[in-house]
Amino acid sequence: MHGRVKVKSTAQQEEEKRKEREKKLKAFVSARDAVLRKRSAGEHDEEALQLTQQLLSSNPDFATLWNYRREVLLQLETSREKDEVQKLYESELHFIEACLKVNPKSYGCWHHRSWVNTRLPQPDWTRELGLCDRCLSLDERNFHCWDYRRVVVKESGVSVEQELQFTDRLIGSNFSNYSSWHYRSTLLPQLHPQPAPDSASNTSPSPTASPQIHSHRVCEEQLLKEYELAHNAFFTDPNDQSAWFYYRWLLGRAEREEMISCVYVSRERERVSVAFSKPVHAQSEGLMLVLDGQPQQVEWRSTHPRLRHSPVWLCDLPPGSVSDISNEHNLTVHWTEKYTHRDCALYTGCAESWCRDSATDQELFRSELSVEKSSVLQAELQSCNQLLELEPQNKWCLLTIILLMRALDPLGHEKETLAHFQTLKEVDPMRSSYYSDLCSKFLIENTILKMEYAEVRVFSLSNKNLTTLCHLDQLLLVTHINLSSNQLLRLPPQFAMLQCLEVLEADDNAIESLEGLYHLPKLEEVSLRNNQICKLSDLESLASCTKLTRLDLRGNPVHKTANIDSELSQLLPLVTALSL
Amino acid sequence: WQWLLVTMLSVCVHFPGLTESVIAAACSRVGQSVLHLDRRNYYAGNWASFTFNGLLSWIEEYKQKVQITESEQVWRSLIDEGEDVVPLSSVDSSISNLEVFCYARLALILLTTNTEHEVSEPEEEQHTSDISEPSQSQEEKDSQPISSPADPPVEVEKKITYQKLVKEGRRFNIDLVSKLMYSRGALVDLLIKSNVSRYAEFKNIGHILTCRNGKVEQVPCSRADVFASKQLTVVEKRMLMKFLTFCLDFEQHPEEYQDYTEKPFREFLKNKKLTENLQDFVLHSIAMVTQQTLTEEGLKATQHFLRCLGRYGNTPFLFPLYGLGEIPQCFCRMCAVFGGIYCLRHSVQCLVVDKASNKVKAVIDTRGQKISCSHFVVEDSYIRDEQRQSTAYRQISRAVLITDRSVLPSESDQQISLVTIPPLESSAPAVRMVELCSSSMTCMPGTYLVHLTCSSSGTAQEDLAPVVSELFHVSTIPGEEPSEVLWVMYFNMRDTSALDSSSYSLPSNVHVCTGPDGSLGSDCSIKLAESVFHHILPDEEFCPPAPNPEDIIYDGDGPQAEGPGFDESVNTEAEEEESNQE
């Protein structure tokens, strides 16, 4: 149409762009070759700086060029006065800034910047902090910048208080940014540490507890403020996980003390079993066994070859050392690295003996939550319940309530907890298996508590929809276990920690693997009716349980195997009562 | 000028306000020749931005009510057989009740155009208009530190005097209308779509405030605000967020509000269990509707507000640097780039109508030239009463203040704030206030430019003075104590936005554009522009993206032609301006 502006066609534009690109590529390649030639010729001059500058400003991720640049700068530095060096590196900072505009997430740029600041005679940290703030305001999740900022803060000695205000500001502008919350969690214990406890806690058997234990805790006054901050965030947006994670950190319990939680000795087997508060690698932990005042040369092994780190370790005593039932023995296991030990006395006439801290004493299962006063936790539970009333379907809220209930009174809240788990599985079906496993864990904890209150060595948890087994190290002393009518798929290697187990009932599950039934020295009877054991090879580990005489395998696919009877009697010659 | 006479114009645009500029740009963009005439010596009419000194001249001009004498004889002779004449009004009566008060240091300077009001002032002596008398203040300023050494000199220095305002007058860009741009409103969409946005820069509005019980406080509207709010309980936070989330896609949940479609929005808010606090926030500051507004409209307004959040920051609004007057100018620039011609101080006296077709075929300008055109776009204020079917205007009450501190001092003093002030009595209209900081390039450093707007129930002063005295410290005894407010102007502006083509008896190719409306956004003007454009050119696209200068092919040149496309048109414009002066 007349008067209309004529515009180049797309094809024309593309052709032009293509040519432009080709030209650029040619220039880039020839400059690159020139630089690499210079470098191999060992030339460290201004020209090298210029050439690398050209290349890096279009591609700041060319790490070799940054390296070359550093070589050149170090060379130039030697021949210059101090204020000239300052200028040289200042212009380098300007150049990096330009490169960061091309790619704000360039590893090379940020690294080079840190390096330049170490070379600068008078680094201007305020300026660097300003740069970080600017970058973070453009992209608050640029982890390169976060990392660099940490360096700057450390070097320039910015006060923790100022940094906390910095997180205030970032959280204020976007409370979904977990980087800021996390940073806050590292600052608070420095600024408001929990006062050290006056006397050593009396539940602790060893007076030489590690001094680091309470270091990441925050004093209560500040904690209350932080709870409020987290409330504001999750009441505003209950679906945002950042605040919930932070909240859980706030409620978090102290790390469990590193200790030997149980020593068990069996006269008949001449064997010592040791349980630790966390999985360890016994050979490298400096363990020492002293029997009646004599250090013993023993070989530690874990309960299952697949467990290289394990909370339970075994060793055999020298033959004949404890086998005489009329003798009394005193046994001590030293954990030299942690300056802790545990004694165990084996009295005359006793076939076995143990010494331990029970889970009940240690309040082991007050979930991952808190050492806080229960009144504080009670108040937090109320807040969460208030939110749940408004948002009955909110998974974060439900989960947090469950954790709070466990911290307060795991047995008293069991019924409500189970109901909340049911809701969780419905509102968040994608994670229903996670919830099932978590629920299993809590049920096992509760059962352990009940068992200890009853002072028995029988663990019974049937018909509770268990999907996984855990805390098996706590079951070291259990003799009878009933896991029938659950949804277990396997008896994992950790099951081999049940060193005292005599009778196992696990009917009506979906167990396919019996890996954990491995070298259980006292196991006599196993009932695995209606499970999913398919192959003869799945039963091989049972052969290592030398006392096994009764085995019930009815209702398993394995019975279809040809010659199953003869094969089994060959595999397990000691089993006298076999049901197929 | 010769050139124009021989050219058949497609569209003649008269009085370039926002709507007219957009129409002109859109027409010029698709190849129509456009002539833009304005009787003033500044762009944009009631959409204009003035420097402080420019505004003072505008006030003078208003006072004198300059009448352009009509010379009927001149155009009579140009009318041919079969042609009829529709004269245009030469007096702009869209502004009324203009009042100016100055509280800047030393002397109360009262400029008033309305003699009745002067009588009500208690002290006759104070009425000296001292604008042109700088010596007195200057003297005082110099002598002050000497005569009273007890006073900290810094304090004295800090107070801004009237001459300082005049001296720094060029730093002000004072808009006659006060609007903000909704981040997802029709105007922003158009600026982006047409690439006109490249001609301007924008600043995000930093604070959304309200005034309750005489206290200015932040309105929690974004997620971050709700989180940070200290006034709300956590349960209120949840209720508010829940409600706002619902509003975002309220159409998907008709069951939630269908019982309330015929009832006021306020009742719906009550039903949603929002506390009084929250109801106020939503009604006045987020939806910005009245007590009487029905539920669905309220929901739509809330939704619009929310959809604009987060696009350019934590509030839904943008403001153009250098003032709102930039926007019509940007479209004028686009129009010029594509060949539009601009003439200021040049007006149309009358339209020449072809009797047979009842269509405008030409216009006659104030110099007696007859210019042919096929469409004529004009602002409402040029239409004489004889051509009107209805004269049902509304009025907008406006106040412009220059202050020296923010209504809500915060850590950053360079924030633009929107303050919604619920009516003091239920019958009064809600007042909207925009406080501009100096980094918005609308006022000198150390000052704030404050715009107040509401739909009129009386004169602007009657409507807005109570709000001004509630929010600001205004000295009652002039000069005795420092006043936050340095200068105030009140005026009423006609709001013709309710009129449409049926309100006028004019030929069908005359397109009347209404002036600025009282709402916060500019959607109304943009929609009108689009509809007029489609009326003129039904088959053309409205403001397609402008090509990059390097992609434009010039006749005779190859595609490699150097230089941007503007140069030529800018020259043309300048030449026309020159010839116009002759």
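Is A:Asp240 buried or exposed? A:Asp240 is buried, at a relative accessible area of 10%. That is a value from a predicted model, as is everything else I will go through today.

A:Asp240 makes a salt bridge with B:Arg223, and the closest N and O atoms are 3.0 Å apart. B:Arg223 sits in helix H10 of chain B, residues 223–228, while A:Asp240 sits in the loop between helix H10 (220–236) and helix H11 (241–251) of chain A, so this pair joins two chains. On the chain B side, the arginine is partly exposed, at 26% relative accessibility.

There is another pair across the two chains to show. A:Glu391 and B:Lys242 form a salt bridge, with 3.6 Å between the closest N and O atoms. A:Glu391 is buried, with a relative accessible area of 17%. B:Lys242 counts as partly exposed, at 38%.

Now a pair within chain A. A:Arg356 and A:Glu452 meet through their side chains in a salt bridge, 3.3 Å from N to O. This one links distant parts of the chain: the arginine is in strand S10 (residues 352–356), the glutamate in helix H16 (residues 432–454), and they are 96 residues apart. A:Arg356 is partly exposed, at 33% relative accessibility, and A:Glu452 is buried, at 10%.

Chain A also has a network of salt bridges, which links A:Glu97, A:Arg113, A:Arg127, A:Glu128 and A:Arg134. Over all chains, the structure holds 63 salt bridges. As background, side chains of opposite charge can pair when their charged atoms come close.

Next, the cysteines. How many disulfides does the structure hold over all chains? The count is 0. For B:Cys211, the nearest cysteine sulfur belongs to B:Cys454 and is 14 Å away. B:Cys211 is buried, with a relative accessible area of 6%. For B:Cys332, the nearest cysteine sulfur is that of B:Cys335, at 6.8 Å. The cut-off for a disulfide is 2.5 Å between the sulfur atoms, and B:Cys332 is in no disulfide. B:Cys332 is buried as well, with a relative accessible area of 5%.

Definitions and conventions
Residues numbered from 1 in each chain as written. Chains lettered and ligands numbered in written order. Predicted model: local features only at pLDDT ≥ 70, side-chain atom pairs only at ≥ 80, totals over all residues. Heavy atoms only, no water. Salt bridge = Lys/Arg side-chain N within 4 Å of Asp/Glu carboxyl O. Helix = DSSP H or I, 4+ residues; strand = E, 2+ residues; numbered from the N terminus. Buried < 20%, exposed > 50% of the residue type's maximum accessible area, 1.4 Å probe, protein only.
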